[in-house]
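User: I want to learn how to read ring contacts and helix packing in a model. Can you walk me through the cases here?

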Amino acid sequence: MSSEHPHPDSPDPAGAQHAHGHNHRPDPELYRTEPVSFVRRGDRLTTRRQKTWDRAAGSYIVDVPRDRATTSVAEGTRIDWTQVFGRRAPLVVDIGSGLGESTVQGAMDHPDWDLISVEVYTPGLAALLVQVEDRELGNVRGVQANAPEVLDKLLPAGGVQEVWVFFPDPWHKTRHHKRRLVSPTFADRVARVLASGGVLRLATDWSSYAVHMREVMDGHPEFENAHPGRAAGPESPLTRVRLEGRELQVGAQPVAPRAGTLRAGVSEATAGATSQDPVDHRGGWAPRFEGRPLTSFEAKALNAGRLVFDLTYRRR
Ligand SMILES: C[S@@+](CC[C@H](N)C(=O)[O-])C[C@H]1O[C@@H](n2cnc3c(N)ncnc32)[C@H](O)[C@@H]1O
């Protein structure tokens with residue numbers, strides 16, 4: 001997957017620089033009120049995916065009226081999911097579904113659920129369609145649109161059972177943090193669509209993003225951590241990253257060493273650590289979600305020595 005996904009931090013994303021620099025290339029995303037969390041990438045499909053797309057997109061990719069950008073959702077759009085799936089079933093929304101592995105796994109494990117893959121990347125959705133056809137899954141649909149707009153405009157208040165955000169683009173550079181998908185406003189959006197008792201599942205292989213996610217979600221009044229205090233202290237993956245210098249091989253940019261007892265090279269990732277105490281006393285990390293397949297993307301992170309942080313929050 002990563003070979004198909006150029007790292008969002010490598011090229012300067014459209015708009016992040018050109019909007020302020022001397023190169024005034026128009027940015028089609030700038031009309032939006034918030035920076036988007038993705039960079040549009042090549043949409044070229046392999047022959048198999050193209051054939052599948054041509055045959056199956058009409059049935060499985062939900063038709064979304066657009067505003068200005070091709071990934072936008074026009075104001076006033078409503079979707080009747082009962083009509084789309086032909087039944088009323090618990091809705092699970094996989095945001096930034098990549099090549100669709102988690103969606104497909106969820107659909108196979110829970111034929112009684114309906115799964116919605118939200119992804120802007122056409123080859124990802126085409127890969128999803130290949131699996132949906134191969135496995136004859138009737139309980140999956142794809143939506144090709146910007147996730148915050150999907151949450152606001154296409155999903156009913158209190159109508160969703162689970163929202164999954166697995167390995168969102170990390171946006172390492174400080175000036176790009178505003179592009180991170182998980183933010184307080186994102187949490188508000190998820191809170192609106194989740195039913196009471198519904199669940200938000202998060203996973204990332206970057207400790208700085210994990211700390212940020214935990215900060216945002218622990219601070220949100222509508223959510224409670226499903227595993228408060230779990231894996232704190234020496235058990236915490238965060239403690240291990242801090243002490244073992246596991247993010248030395250960061251691809252995107254060199255990580256800044258911190259002063260004090262932390263090993264040189266431990267990143268800003270380490271946000272929240274004091275130079276005296278690298279131990280994560282708070283914990284709250286969830287066990288690995290068993291419904292999350294090991295994607296090639298996650299395998300690559302593990303091979304690079306990074307750890308994976310799972311978080312689960314329940315809507316009050
Ligand atoms: C790093 S990949 C992870 C894919 C998958 N969840 C996994 O675990 O392998 C992140 C994906 O999120 C998608 N994405 C990022 N921002 C998005 C947004 N605002 N709306 C929809 N998809 C988005 C990207 O196109 C990319 O495919």
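User: Which residue lies over the face of Phe 289?

Analyst: This is a predicted model. A charge counts as over a ring if CZ of Arg is within 6 Å of the ring centre and within 35 degrees of the ring normal. Here Arg 201 lies over the face of Phe 289, 4.0 Å from the ring centre. Arg 180 sits over the face of Tyr 209, at 4.7 Å. Phe 289 also joins a cluster with Trp 164 and Phe 166, linked by ring pairs.

User: How many aromatic pairs does the whole structure hold?

Analyst: The search finds 6 aromatic pairs. Take Phe 167 and Phe 297: their ring centres are 5.8 Å apart and their planes stand at 70°, so the pair is edge-to-face.

User: Is Phe 167 buried or exposed?

Analyst: Buried means under 20% relative accessible area. Phe 167 has 10%, so it is buried. Phe 297 has 22%, so Phe 297 is partly exposed.

User: How do I read helix packing?

Analyst: Use the angle between the two axes and the distance between them. The axes of H1 (residues 47-60) and H4 (residues 122-134) come within 9 Å and cross at roughly 80°. That makes H1 roughly perpendicular to H4.

User: What residues make up the contact of H1 with H4?

Analyst: They divide into 11 nonpolar, 2 polar and 5 charged. Among them are Trp 53 and Tyr 60 in H1, and Leu 125 and Glu 133 in H4.

Key. Residues numbered from 1 in each chain as written. Predicted model: local features only at pLDDT ≥ 70, side-chain atom pairs only at ≥ 80, totals over all residues. Heavy atoms only, no water. Phe/Tyr/Trp six-rings, centres within 6.5 Å; stacked < 30°, edge-to-face > 60°. Buried < 20%, exposed > 50% of the residue type's maximum accessible area, 1.4 Å probe, protein only. Axes fitted to C-alpha atoms, helices over the stretch in contact; angles between N-to-C directions. Helix = DSSP H or I, 4+ residues; strand = E, 2+ residues; numbered from the N terminus. Parallel < 35°, antiparallel > 145°, perpendicular 65-115°, else oblique. Contact = heavy atoms within 4.5 Å. Nonpolar A, V, L, I, M, F, W, Y, C, P; charged D, E, K, R; others polar.
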